[in-house]
Amino acid sequence: MLYGVTGGLAMFQTVMNLILAPLVRKCVVVFIDDILIYSKSWTDHLLHIQEVLSILQQNNFHVKMSKCLFAKQQLSYLGHIVSKQGVATDPSKIASIKDWPQPQNIKELRSF
């Protein structure tokens, strides 16, 4: 993506949603500049990766391998942990709230 392009990220997401339309919400989610591929089984996942990369290649998009993660069982994404169990809040993001001392008076309660 070129720097300085107004609306570049929105345009990228729109283009990805258009070219990956047959796979969106079946095994692919596009969010801003990320393409997430999910599957129920390992063999399905390999096929989905192959389909996505093939579609990108057909449309003259190139993948920068240093920015890719493949076949992860769990990943941290936008403050959440995504895994086969579902989506959960990343514990490191809420640690300060959980460790906050219990208010002992009305002034401490208000400051909380």
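Helices (H or I, at least four residues) and strands (E, at least two) are DSSP runs, numbered from the N terminus.

This is a predicted model, where local features need pLDDT of at least 70, side-chain atom pairs count only at pLDDT 80 or more, and totals for chains, interfaces and linings use all residues. Residues are numbered from 1 along each chain as its sequence is written, and side-chain values use heavy atoms, with hydrogens and water left out.

Start with the whole protein chain. From the N terminus, the order is α-β-β-α-β-β-β-α-α. The C-alpha atoms fill a box of roughly 65 × 40 × 25 Å along the principal axes.

Next, select residues 8-19, which form helix 1. Show the side chains of G8, F12, M16 and I19; these are buried (under 20% relative accessible area; exposed is over 50%, partly exposed in between; 1.4 Å probe, protein chains only). Look down the axis of helix 1: its buried residues fall within an arc of 75 degrees, so they line one face. That arc is taken from the directions from the helix axis to the C-beta atoms.

A disulfide needs a pair of cysteine sulfur atoms within 2.5 Å, and the structure holds zero. C27 is buried at 1% relative accessibility, whereas C68 is partly exposed at 25%.

Key
The expected span of a helix is 1.5 Å times one less than its number of residues.
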